[in-house]
Amino acid sequence: MSTADLPKEQDLVEYRVDRILDEANTDTKIVVLIRQNDAHDTFPIWVGASEGNAIKLALDTMITPRPMSHDLVKSFAEHLNITIQRVVIADVKSSTYYALVHLSNKGFERAIDARPSDAIALALRAPCPIYVTQDVLKRRSTTNLDAWLAKLEAKDIGTPEVQET
C-alpha cells in the first residue's frame, strides 16, 4: 500500500477490545470491539479459534511458558527499536476485513498488511491503539447486530435468553 493510499488520521475512529465470544456453530471466535468513547458502538470481527485464543490471552494479560507468535513479533520489534504505533482496520472486501500495522523506526513509518486478528493480538501486546476507518464503518452491516450479540453472549455465559416482544 502506497503512502497516498494510507488512511488519514482524521478518518480513523479509535476502538478497543471489549470481549471475545464463542461462535459454537462454526468453531470460530468473535472479537467484539467497542468505540473508545461510546460503549454502544460495537464492531465484531469473526476470527479463527486459535487467533481468538491468542487475542484472549493478551486481553487477559496471561503469560505463557513460552512466547506465542505475537510475543515473538513484539520482541523482534523491541530489539530492533521498532515502535508499533497503531493498528488500523483499513478495508473490507467480500465480507473480509483487512488491517494495517503501523511501525516506526528512526523517523520512518511503514504500514504492514496484516489479518485483523494478528493486528489486534499484536496491538494488545504492544500496547498500541486500534482504529477503524470511517470508510469501513460506513460499509459494515449492523442490522440487528446488538440484539444478535446479546443473544450470543447470553448463550456464551449460560444465562437465559431474553426474547424481544
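**Close-up views of a predicted model**

**View 1. The aromatic pairs.** The count comes to 2 aromatic pairs, where rings of Phe, Tyr and Trp (its six-membered ring) pair if their centres lie within 6.5 Å, with planes under 30 degrees apart called stacked, over 60 edge-to-face and the rest tilted. Tyr15 and Phe43 make a tilted pair, 5.9 Å centre to centre with 55° between the planes. Tyr15 sits in strand β1 and Phe43 in strand β3, so this pair ties together parts that are 28 residues apart in sequence. Helices (H or I, at least four residues) and strands (E, at least two) are DSSP runs, numbered from the N terminus. Tyr15 and Phe43 are both buried; buried means under 20% relative accessible area, exposed over 50% and partly exposed in between (1.4 Å probe, protein chains only). The rings of Phe43 and Tyr97 have centres 5.0 Å apart and planes at 50°, so that pair is tilted too. Phe43 belongs to β3 and Tyr97 to strand β5 (residues 96–105), so here the parts tied together are 54 residues apart in sequence. Tyr97 is buried, as is Phe43. Put together, Tyr15, Phe43 and Tyr97 form one aromatic cluster.

This is a predicted model, so a local feature needs pLDDT of at least 70 and a side-chain atom pair counts only at pLDDT 80 or more, while totals for chains, interfaces and linings use all residues. Residues are numbered from 1 along each chain as its sequence is written, and side-chain values use heavy atoms, with hydrogens and water left out.

**View 2. The whole chain, for orientation.** The protein chain has 5 helices and 7 strands, running along the sequence as β-β-β-α-α-β-β-β-α-β-α-α. Of its 165 residues, 38% are buried. A contact means heavy atoms within 4.5 Å. Taking contacts with a separation of 6 or more, 52% come from residues 24 or more positions apart.

**View 3. Helix α1 and its buried face.** Helix α1 (residues 49–59) has Glu51, Gly52, Ala54, Ile55 and Ala58 as its buried residues. Looking down the axis of α1, they fall within an arc of 155°, so they line one face of the helix; that arc is taken over the directions from the helix axis to the C-beta atoms. An α-helix has 3.6 residues a turn, so residues three or four places apart point the same way. What do the buried residues of α1 pack against? Their partners are β1 (12–23), β2 (28–35), β3 (38–48), α2 (69–79) and α3 (116–125). After α1 comes Thr61, with a positive phi near 50°.

**View 4. Strand β4 between two partners.** Strand β4 (residues 83–93) and β5 run antiparallel, joined by 9 bridges; two strands pair if DSSP finds at least two bridges between them. Val88 has Leu100 in β5 as its bridge partner, and Asp91 has Tyr98. The β4–β5 hairpin leaves 2 residues between the strands, and Ser94 there takes a positive phi near 50°. The charged end of Lys93 sits over the Tyr98 ring, 5.2 Å from its centre (the test is NZ of Lys or CZ of Arg within 6 Å of the ring centre and within 35 degrees of the ring normal). β4 also runs parallel to strand β7 (residues 130–133), with 3 bridges joining them; Val87 stands opposite Ile130 in β7.

**View 5. The β5–β6 hairpin.** β5 pairs with strand β6 (residues 108–114) in the antiparallel sense over 7 bridges. Asn105 stands opposite Phe108 in β6. The hairpin has 2 residues between the strands, and Lys106 in its turn shows a positive phi of about 55°.

View 6. Is Val136 buried or exposed? Val136 has a relative accessible area of 0%, so it counts as buried. Val136 belongs to helix α4 (residues 134–139). Leaving out neighbours within four places in sequence, its contacts are Phe43, Ile89, Ala90, Asp91, Val92 and Tyr97. Val136 and Val92 are 44 residues apart in sequence, yet their C-alpha atoms are 6.3 Å apart in space.
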